[in-house]
Amino acid sequence: MTPARPEFVPDPSQSREEMEALQREVAAAATFADDFAFDPAAVSVGRDTALTGERPLVAGVDQAFLDDDRAVSAVVCLRGGEVVERAHAVTDLSVPYVPGLLSFREGGPILAAFEALDTTPDLVVFDGSGRIHFRQAGLATHLGVVLDVPSIGVAKNLLCGRVEGDVDGRPEGWRAPVVANDRVDAPTGTVIGYAYQSRQYESNPVINPLYISPGHRVSAETTVDLVARLCGGYKLPEPTRLADAYADECKAKV
C-alpha cells in the first residue's frame, strides 16, 4: 500500500514551522465525516453469527522501539476475528519525540510497513491521536490523509481539548465528547473526539478511558461505535492490541 497523497508525506528534515504548516494543510485536506463503503455494523472481532456477508478488513498499527534511533513498525489486518495479514518494517528514526509532531518521527517508519502490505484495509486504527490535536492533524489524520484510507486515532492520554464530563471511575461503555479549547485550531466547542470507557473493573484498579478521534473519512460519533465493536473485552481495540504484540515479537528477533 503506497501513499495516495505523497505531497503530504511527513518530512523529518523540515523545520518545526514547516512541519506545523504541513499539518494545517493536512487538516484542511482531511474529511471528518463518514466516507467509507463498508457497513459499520459489520465491524467485529468476534464470531457473531448474526452478521452476514464479508466483514471489513481492519488494520491496527503500532510500534516498538529498538533504541532511540530505530523502530519496528507493525501492521496487523483482521477480518472479523481472523488475522489476514501482518507486515512490519525496521527503520531509522530521524527526529526525537516532540508533542504534536509525532507523525514526523513515526510516519515514515509506519508508511514503510504499509508498503510491505499486500492487502488494502477498509479501515485503519492507529495507536495515537487523530483530530484531537493542536492543529487537528495527529498521526491518524496525517497518515490517513497520506494513504487516503478511513482511519481512527486511539490514544491513552488526552493531548489537548476538553472532556465534557469527569472521566474518573466511569463505568464500561461511558462516553463523553472532547471539544476544542484555545489549544486547538478549531472553533471553541467543536467536537473533535470522544473519551470512551472501553473496560472497567467494579473495584481497583480503576481503568482510565481511551481518547478516540477521527483520523480521516470517519466522523467523531462513528469512531466510538467502531472502536466499541473492536475491543472484544479488552481495553484496547483488538487490531492495535495485536499490532503491539506483533511489534514486540519482531523486536525480539532483530
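I began with Gln197, which is buried at a relative accessible area of 0% (buried is under 20%, exposed over 50%, partly exposed in between, with a 1.4 Å probe and protein chains only). The model is predicted, so I kept its limits in mind: local features need pLDDT of at least 70, side-chain atom pairs count only at pLDDT 80 or more, and totals for chains, interfaces and linings use all residues. Residues are numbered from 1 along each chain as its sequence is written, and side-chain values use heavy atoms, without hydrogens and water.

**Gln197.** I placed Gln197 in the loop between strand S8 (191–196) and strand S9 (210–216). Helices (H or I, at least four residues) and strands (E, at least two) are DSSP runs, numbered from the N terminus. A polar atom of the Gln197 side chain lies 2.8 Å from the backbone oxygen of Arg199. I then listed contacts (heavy atoms within 4.5 Å). Beyond its neighbours within four places in sequence, Gln197 touches residues including Glu172, Trp174, Ile207 and Pro209.

**The sheet.** I traced nine strands in an open sheet with mixed pairing, in the order S3-S2-S1-S4-S5-S9-S8-S7-S6. Strands pair if DSSP finds at least two bridges between them. Strand S3 (82–92) and strand S6 (162–163) are at the edges; each has a single partner strand, so one side of each lacks a neighbour in the sheet. S6 runs antiparallel to strand S7 (residues 175–179), joined by two bridges. Val163 stands opposite Val178 in S7. I also checked helix H5 (residues 238–253), which packs on the sheet and touches strand S1 (57–65), strand S2 (70–79), S3 and strand S4 (123–127).

**Positive phi.** Most residues other than glycine have a negative phi. I noted two residues with positive values. Asp148 has a phi of about 50 degrees. Asp148 sits in the loop between helix H3 (139–147) and strand S5 (151–155), and is partly exposed at 38% relative accessible area. Arg217 has a phi near 65 degrees. Arg217 belongs to the loop between S9 and helix H4 (220–230), and is buried at 17% relative accessibility.

**Rings.** I found one aromatic pair. Phe36 and Phe38 are stacked, 4.3 Å centre to centre with 15 degrees between the planes. Rings of Phe, Tyr and Trp (its six-membered ring) pair if their centres lie within 6.5 Å; planes under 30 degrees apart count as stacked, over 60 as edge-to-face and the rest as tilted. Phe36 is buried at 19%, and Phe38 is buried at 11%.

Terms used: Axes fitted to C-alpha atoms, helices over the stretch in contact; angles between N-to-C directions. Polar contact = N/O pair within 3.5 Å; in protein donor to acceptor, adjacent residues only side chain to side chain.
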